Amino acid sequence: MFSHITLGTNDFAKAAAFYDAVFAALGIEPLFRLDDLAAYGTMTGPKTFIVHPFDGNPAKPGNGVHAAYLAKTRAEVDAFHTAALAHGGTDEGAPGLRPHYHPNYYGAYVRDLDGNKIQAVCHSAKG
């Protein structure tokens, strides 16, 4: 459905360390890194960029915006949440079932170091 997501940061080194850990928990590989840009995912598939805003203004999270990343298992959702909190993220919704979406919807929400809201979700009935 999407090509890529770009999330702004004000402290690239800290953000890159955060996303290295969070994406590793989901099995998402680093794609490449430049001076102040990190890319995760696949070259021809979906990817996420972490970067200082191109316009030079401070990065600010969008109100009502979040990016949700697929997890293969509920354990990956748990690991995502744990890694995010261990690397300075804040809890926005602990791992758990959210049956108001559908019976097997298992997700967790966090904010990164710049306040961007991200999520991991597993849709499988199996843990």
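Q: Quick one to start: what counts as a helix or a strand?
A: They're DSSP runs, helices (H or I) of at least four residues and strands (E) of at least two, numbered from the N terminus.

Q: And what sort of model is this?
A: It's a predicted model, where local features need pLDDT of at least 70 and side-chain atom pairs 80 or more, while totals for chains, interfaces and linings use all residues. Residues are numbered from 1 along each chain, and side-chain values use heavy atoms, without hydrogens or water.

Q: How many helices and strands does the chain have?
A: There are two helices and eight strands.

Q: What size of box do the C-alpha atoms fill?
A: Roughly 45 × 30 × 25 Å, if you take it along the principal axes.

Q: What share of the residues is buried?
A: Of the 127 residues in the chain, 43% are buried (under 20% relative accessible area; exposed is over 50%, with a 1.4 Å probe).

Q: What about contacts between residues at least 6 apart in sequence?
A: Among those contacts, 54% join residues at least 24 apart (a contact is heavy atoms within 4.5 Å).

Q: Let's pick a residue. Where does Thr9 sit?
A: Thr9 is in the loop that runs between E1 and helix H1 (12-25).

Q: Is Thr9 buried or exposed?
A: Thr9 has a relative accessible area of 0%, so that residue counts as buried.

Q: Which residues does Thr9 touch?
A: Leaving out residues up to four places away in sequence, Thr9 touches Ala15, Ile50, Val51, His52, Pro53, Ala59 and Asp114.

Q: OK, on to Met43. Where is that one?
A: Met43 is in a loop too, the one between E3 and E4.

Q: Buried or exposed, for Met43?
A: The relative accessible area of Met43 is 54%, so Met43 is exposed.

Q: What is Met43 in contact with?
A: Leu31 and Phe32, once you set aside the neighbours of Met43 within four places in sequence.

Q: New topic: pockets. How many residues line the largest pocket?
A: The largest pocket has 16 lining residues, and Phe2, Ile28, Pro46, Tyr69 and Leu70 lie nearest its centre. A pocket is an open set of 1 Å grid points where a 1.4 Å probe fits, with protein on both sides within 12 Å along at least five of seven lines; lining residues have an atom within 4 Å of a point.

Q: Which elements give two or more residues to that largest pocket's lining?
A: Strand E3 (37-41), strand E4 (47-51) and strand E5 (66-70) do.

Q: Which one gives the most?
A: That's E5, which gives three residues to the lining of the largest pocket.

Q: And the second largest pocket, how many residues line it?
A: The second largest pocket is lined by 17 residues. Thr6, Leu7, Gly8, Lys60 and Asn116 are the closest to its centre.

Q: Which strands supply at least two residues of that lining?
A: Strand E1 (4-8) and E5 each supply at least two for the second largest pocket.

Q: Where does the largest share come from?
A: From E1, with four residues of the lining of the second largest pocket.
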